[in-house]
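Hi everyone, thanks for coming. Let me put the sequence and the model up on the screen, and then we can walk through a few parts of it together.

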Amino acid sequence: MDYRVIANLFLLLFIGVADNQVIAALLPSLVSSLNISIGTAGLLVTTYSLAAALAAFLSGSLSDHYGRRRFLLMGILVFALASWFTSQSRTLGEILLARALTGLAAGTISTCSIAFAGDWFAYAIRGRAVGLISTAYFAAPVIGVPVAAQIADRFGWRRAFFVVSMAAFLIALISFLLPEDPHNPEPSREKLRTTARAFRSFLSRRDAVAALGIAFLVSGGLVGFITYIGQWLHSHFEIPTRTIGWVFMLSGLVAVGSAPLGGLLSDRLGKRPVSIASNMLLACCVAAIPFFPWGVGLLLVFAGTSLGAAFRQGPLTALMTEMVPAAQRGSFIALRNIASQLGIALVATLGGVLYQWRGYVAVTTMCAAMTGLVAVLLATHIDEPQSAAEQV
């Protein structure tokens, strides 16, 4: 197990996730500062997601031929600059442009980090490796979101994004330590033909199309639930921004401890069954959240959502990276991330409308249904792949 690679990929994913999730905690401040509605504020997430989808398409396909490392380095440097631009924004138009640029960078980082992990770690241990890397998705609420929320509460949301940009510049320097990855030096015209053939082959496979649907539902369901929970806590219970940050920290602590365990169990019990059970737990907890009053019960159910989300992350990612040959992995992960970002964009936009129309319960009902459908698709359309070692 190469812990140097795990640590580097962890940091890259961590900064991207922290920047994305902090929007949920800062949403009340952004709504007040920019004098916009909650529905309009949802466009910040939509813009980011659509840009990330575009970046996933380009970087994933090209990284199959030119290597993942160069795209990771370019992505984190652009991310740092975009976060700084966000901190300097004064109007809705400026921050939307800044979030689009951040999304381009984050989409590149996410796609190439997952593909890099798929290349570097054998399937037999990939659940554990990706489980450790995936703690970044949940360490962000423990460290990044509470810190950003505290900074925003005292100095304003712009200062929070400035701190994110400085952290990204530091991670960019560390990322130069990533090892070189091999790539296929095909002629440029042949690269395009190979990529086009790969995309056509994915869309002709029943399991691959189901996997793209799963990516759409997984990301849309989780981000839709998270995006509006800060506003719900603030408006329903009059919880201040700094307390919302601590709530995210609690859920993150649960998830950080659970993600590696989920990956470890999936290597022993199978990625598919662990993923199915995790999605069922998550769906039940998401549906229950809005019916609890502020207190210990609500925090326990929120912790349950973190447990379900964390347990499924490593197994699902390891499962998806083994569905195609290594030479096509970047292209497939690109399509997967495009589906994820489109899910986020649609649910963030629709979630804002539902929130204004029927409140947070309408948002959680939609997200719980999407998460439950993930378990159904896994059970009916996805088979547990065998690693090369197992097939010998």
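Let's start with a question: is the crossing of H3 and H6 left-handed or right-handed? The crossing of H3 and H6 is left-handed, where left-handed means that the near helix is turned anticlockwise from the far one by less than a right angle, and right-handed means clockwise.

A word on what you are looking at. This is a predicted model, where local features need pLDDT of at least 70, side-chain atom pairs count only at pLDDT 80 or more, and totals for chains, interfaces and linings use all residues. Residues are numbered from 1 along each chain as its sequence is written, and side-chain values use heavy atoms, with hydrogens and water left out.

Back to our pair. Helix H3 spans residues 69-87 and helix H6 residues 157-175, and their axes come within 7 Å and cross at roughly 160°. Helices here are DSSP runs of H or I with at least four residues, numbered from the N terminus. Axes are lines fitted to C-alpha atoms over the stretch in contact, with angles from 0 to 180 degrees between N-to-C directions. That crossing makes H3 roughly antiparallel to H6, a label for angles over 145 degrees. Contact means heavy atoms within 4.5 Å, and the residues making it include Phe 79 and Trp 84 of H3 and Phe 161 and Phe 169 of H6. By class, this contact has 15 nonpolar, five polar and one charged residues. Nonpolar covers Ala, Val, Leu, Ile, Met, Phe, Trp, Tyr, Cys and Pro; charged covers Asp, Glu, Lys and Arg; the others, Gly among them, are polar.

Now a second pair. The axes of H11 (residues 271-288) and H12 (residues 296-321) come within 8 Å and cross at roughly 150°, so H11 and H12 are roughly antiparallel to each other. Their crossing is left-handed. The contact of H11 with H12 has 14 nonpolar, six polar and three charged residues.

Finally, the cavities. How many of 30 Å³ or more does a search of the whole structure find? There are three. A cavity is a set of points on a 1 Å grid, over the protein atoms alone, where a 1.4 Å probe fits but cannot get out, and lining residues have an atom within 4 Å of a point. Volume is the space filled by probe spheres set on the points, which are joined across faces, edges and corners.

The largest cavity has about 840 Å³. Of its 46 lining residues, Val 17, Gln 21, Tyr 137, Leu 222 and Val 223 are the closest to its centre. That lining divides into 28 nonpolar, 16 polar and two charged residues.

The second largest cavity holds about 60 Å³. Tyr 137 is among its lining residues too, as is Gln 313. H5 gives the largest share of that lining, four residues, and the lining has no charged residues.

How values were computed:
Helix = DSSP H or I, 4+ residues; strand = E, 2+ residues; numbered from the N terminus. Parallel < 35°, antiparallel > 145°, perpendicular 65-115°, else oblique. 1 Å grid on protein atoms, 1.4 Å probe; cavity = no way out; pocket = protein on both sides within 12 Å on 5 of 7 lines; lining within 4 Å.
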